[in-house]
Amino acid sequence: MTDAVLGGSSDRWMCPSDRTMLPAGWTAQPERQRKGEELTDEEKEIINRVIARAEKMEEMEQERIGRLMTRLEDMRRSVLGDGVNRCILCGEQLGTRGQACVVCEDCKKNVCTKCGVQTTNNRPQAIWLCKICSEQREVWKRSGAWFFKGLPKQMLPQPMPVSKKGPQTPSEPRPAEPATPDPKIPSRAPTRGRLFPPPSLSATLGALEFSLLYDQDNSSLHCTLIKAKGLKPMDSNGLADPYVKLHLLPGASKSNKLRTKTLRNTRNPVWNETLVYHGITDEDMQRKTLRISVCDEDKFGHNEFIGETRVALKKLKANQKKNFNICLERVIPTKRTGTTGASRGMALYEEEVDRGGDVEERGKILVSLMYSTQQGGLIVGIVRCVHLAAMDANGYSDPFVKLWLKPDMGKKAKHKTQIKKKTLNPEFNEEFFYDIKHSDLAKKSLDISVWDYDIGKSNDYIGGCQLGITAKGERLKHWYECLKNKDKKIERWHTLQNENHVASD
């Protein structure tokens, strides 16, 4: 529809509607407008949707910066000294009879060593900053104002008028409503008044190099995080403490997350670390997306989100490794209502609403079956579970697995695995034996259920599945293959369902 032309002598971006000049070194000039033709309403709507999305991202960014500014202003209001004979922050006497004295590099005020922060700031010799100036530098970094000491301001184009009338469709942006000013956020220039390019044109977050491999035979997804380059500085020393977090979408938050180790004081980390998701089926590869987030670890506060990328798994070919080198993006975070801790720190960026309308996922279990002619019975192996639903307040479960061969064979029909504490991805590797004739096995069904162990009260049911002749799909196929192939161990993944079961006792 339009093409973006880089202006050699211009440093502004031109809106197709009125050729309004905008900063960023870009000019956008529609081909049809250069020929004197008007844009269609459909083209204007597309432009308006992009503008509306950019405005939403800017509102969230301004709120984040506002919180940083409020904290900084609170520190400034709480100063107790004169910065000459007394520490500017705590008011303690300085000098030979008082506290040791240093001078802040930025404000040139005297401060005690307890209220000062020593940093190299990429200089050969260490310098001192008072905590206020140190916090000010942090605000500059996190607000994008590192190279010019003021809050970032950006000009967004006005929405383009659409000539057609009638009720608005969901694809059309609604008229912007005047925002109610937040008294906690310091007064700043309005949203349309920034000096740096829109988020969609910014590439300042860094790039991430990684590879993905779907091992179809072992139902596993291997993600190798190789390195990142040019990450956004997050700490007062101009560096970051980055790590990478993986999240399979859609899916329960904690059970689907994996993370790398944290590398300290670097904007160019090299991890060379492989993280593996087990229990990934062909069906998962068609409908799931892998979210890869780069974050900055903070020992004394909340970890900070740097940027992310997402890969639809259906783009991968089975058993073929694919390499990626992608610039990180900062997407609009989605906040899940009613989730404990969702309003704190990284939770805003970690929660993801499943818009696919799928039934709640309870997890998967890897089961092996083998009829042993030598022992004259069925050997059932419970290998592992993945992505279990969290049943405890700490966000985890204490899972164990129950087996029941039906119709009832008495006490010999039931078995239990050991309990695995505080995990959503337990590994059991236990086998159980049923003394039964091969001819009788076809009349039986194997009930498999996963439970969360609770002390002093009833155990919580997580999910289950039933294998046998009366089952369907993969469950029937697994049972049939076991009956057909004596003395051969056959492993299959099965999805746990939230069905009604008897008590776990």
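Between which two strands does the loop that holds Lys-422 lie?

1. Lys-422 sits in the loop that links strand 20 (414-416) to strand 21 (427-435). Strands are DSSP E runs of at least two residues, helices H or I runs of at least four, both numbered from the N terminus.

2. The model is predicted: local features need pLDDT of at least 70, side-chain atom pairs count only at pLDDT 80 or more, and totals for chains, interfaces and linings use all residues. Residues are numbered from 1 along each chain as its sequence is written, and side-chain values use heavy atoms, without hydrogens and water.

3. Lys-422 counts as exposed because its relative accessibility is 53%; the cut-offs are over 50% for exposed, under 20% for buried and partly exposed in between (1.4 Å probe, protein chains only). Leaving aside residues up to four places away in sequence, Lys-422 touches Asn-394, Tyr-396, Ser-397 and Asp-398. Contact means heavy atoms within 4.5 Å. The C-alpha atom of Lys-422 is 9.5 Å from that of Ala-390, 32 residues apart along the chain.

4. Pairing requires at least two DSSP bridges between two strands.

5. Strand 22 (residues 445-452) and strand 23 run antiparallel, joined by 8 bridges. Asp-452 stands opposite Asp-460 in strand 23.

6. For the whole chain, the count is 7 helices and 24 strands. Of its 505 residues, 46% are buried.
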